[in-house]
Amino acid sequence: MSASLEMPSALAEYLRSPALERSDAHIATLQSRLNYIAEVVEAVSQWSGDRARPVFALLNEIESDLLVIIGGESKDGREDSTYIMHSSWPADCSAAAMFESLPKRVVSVMNRGVGKVLLMDPEAEKWVVGWGSAMRDLASAFAGSANLEQSMGRLMALDIMLTNMLSFIASMRLNPMIEK
């Protein structure tokens, strides 16, 4: 796949600023992470468009990708952990401003979380389609971020959505009602 997700200039500038002093290698690694997120969103979008495969086949396919994105931390120091991104990067941001920058539909999907474990295929498909649609909205909003609060809030929301999908996949592994 060749999907990409553009990093907002406000975020790149902040990462290079004296507050964080991240290298060009850090910026490039974060851009690779964003592109990896875009590939997962694209995979879900393509599946949503034709649904030729069972929903669990898609979930099984993207689970390892999501784990790499969320858990990735390079040994060579060119990448910050998700923990560092969440705990230190937004230090200069207002939590209220970050939250207010989120598209309302994304907040709605985040607030729903995983939902039930016992779902039939159509219900599971509906959850995945809704997640994919919200992720497309969020990716677009992230790329269009005009300031640091928007960039950081939306970056953190991307991670929340990814972990929601990981939780959903784990739940579906326990679900005897969907085709595996």
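The following questions and answers concern a predicted model of a protein chain.

Me: How many salt bridges does the chain hold in this predicted model?
Reply: A salt bridge is counted where a side-chain nitrogen of Lys or Arg lies within 4 Å of a carboxyl oxygen of Asp or Glu. By this rule, the count of salt bridges is nine.

Me: What is the distance from N to O in the salt bridge of R16 and D24?
Reply: The side chains of R16 and D24 meet, and their contact qualifies as a salt bridge. The N to O distance given for this pair is 3.2 Å.

Me: Is D24 buried or exposed?
Reply: A residue is called exposed when its relative accessible area is over 50%. The relative accessible area of D24 is 56%. R16, its partner in the salt bridge, has 44% relative accessibility and therefore counts as partly exposed. D24, by contrast, is exposed.

Me: How many residues apart are R51 and E125, the pair that links distant parts of the chain?
Reply: R51 and E125 form a salt bridge in which the closest N and O atoms are 3.5 Å apart. R51 stands in the loop between α2 and α3, while E125 belongs to helix α7.

Me: Which helix holds E63, the residue linked with R173?
Reply: The side chains of R173 and E63 meet in a salt bridge, with 2.5 Å from N to O. This pair links distant parts of the chain, 110 residues apart. R173 lies in helix α8, and E63 lies in helix α3.

Me: What is the relative accessibility of E63?
Reply: R173 is partly exposed, at a relative accessible area of 37%. E63 counts as buried, a class that requires a value under 20%. The relative accessibility of E63 is 18%.

Me: At roughly what angle do the axes of α2 and α7 cross?
Reply: The axes of α2 and α7 come within 9 Å. Their crossing is left-handed. The angle between these axes is roughly 140°, which makes α2 to α7 oblique.

Me: What area does the nonpolar surface patch have that includes L174?
Reply: L174 is found in the segment after α8. At 66% relative accessibility, L174 counts as exposed. It makes the patch together with V117, L118, M120 and M177. The area of this nonpolar patch is about 450 Å².

Me: What separation do the C-alpha atoms of S88 and K104 have?
Reply: S88 is found in the loop between α4 and α5. With a relative accessible area of 28%, S88 is partly exposed. S88 and K104 are 16 residues apart along the chain, and their C-alpha atoms are separated by 26 Å.

Terms used:
Residues numbered from 1 in each chain as written. Predicted model: local features only at pLDDT ≥ 70, side-chain atom pairs only at ≥ 80, totals over all residues. Heavy atoms only, no water. Patch = residues over 30% accessible without salt bridge, like charges linked within 9 Å, V, L, I, M, F, W, Y side chains within 5 Å. Areas by Shrake-Rupley, 256 points an atom, 1.4 Å probe, with all protein chains shown as cover. Helix = DSSP H or I, 4+ residues; strand = E, 2+ residues; numbered from the N terminus. Buried < 20%, exposed > 50% of the residue type's maximum accessible area, 1.4 Å probe, protein only. Axes fitted to C-alpha atoms, helices over the stretch in contact; angles between N-to-C directions. Parallel < 35°, antiparallel > 145°, perpendicular 65-115°, else oblique. Left-handed = near helix turned anticlockwise from the far one by under 90°.
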